[in-house]
Amino acid sequence: MTPRYGFALLAPEGAAFHKHNGTYCIDGHRYRTLLSGMQALRGRTYLEDGAISLADVDAAGRFRLDDDESCWHILLTERVHEVIGCVRM
C-alpha cells in the first residue's frame, strides 16, 4: 500500500549534499513541478487570508517570491505529489 502523504526537500541549485544512508533524487523537472505547486499553495492560502490580491498572483495562481529558488523548502505532499503544506527556510 502506497503511503498517502510524503515529504520532499527542495534544495537551492548548487547546494552541497554529503553522503548519507537515505535516498535522494536530483530531477530538475520534479523540482520545478514541486516549486510551482508550493507557489500555488501559497497563492491560494494568501488570497483566502486576504494577505494579497488577485493582482499579486500569476495566471496559474502562483504567488512567487524572488528568492524562492535560493531557499530551502520542506514540502508535505499527497500521494499524487500535490503540495499540501510547506515550510520555507
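How exposed is Tyr46, in terms of relative accessible area? I looked this up in a model that is predicted. Tyr46 comes out as partly exposed, at a relative accessible area of 34%.

**Entry: the aromatic pair**

I searched the whole structure for aromatic pairs and found 1. The partners are Tyr46 and Phe63. Their ring centres are 5.6 Å apart, and the planes stand at 55° to each other. I noted the pair as tilted, because only an angle over 60 degrees would count as edge-to-face.

I then asked where each partner sits. Tyr46 belongs to helix 1, while Phe63 is in the loop between helix 1 and strand 2 (73-78). The pair therefore ties together parts that are 17 residues apart in sequence.

**Entry: the largest pocket**

Next I looked up the largest pocket, which holds about 770 Å³ of space. I counted 28 residues in its lining, and the closest to the centre are Leu9, Leu10, Ala11, Asp27 and Tyr31.

Which elements give two or more residues to this lining? I found strand 1 (5-10) and helix 1 (28-49). Helix 1 gives the most, with 8 residues.

I also sorted the lining of the largest pocket by class. I recorded 15 nonpolar residues, 9 charged and 4 polar.

**Entry: where the two searches meet**

Helix 1 turned up in both searches. I have it as the element that gives the most to the pocket lining, and also as the helix that holds Tyr46 of the aromatic pair.

Key
Residues numbered from 1 in each chain as written. Predicted model: local features only at pLDDT ≥ 70, side-chain atom pairs only at ≥ 80, totals over all residues. Heavy atoms only, no water. 1 Å grid on protein atoms, 1.4 Å probe; cavity = no way out; pocket = protein on both sides within 12 Å on 5 of 7 lines; lining within 4 Å. Points joined across faces, edges and corners; volume = space filled by probe spheres on them. Helix = DSSP H or I, 4+ residues; strand = E, 2+ residues; numbered from the N terminus. Nonpolar A, V, L, I, M, F, W, Y, C, P; charged D, E, K, R; others polar. Phe/Tyr/Trp six-rings, centres within 6.5 Å; stacked < 30°, edge-to-face > 60°. Buried < 20%, exposed > 50% of the residue type's maximum accessible area, 1.4 Å probe, protein only.
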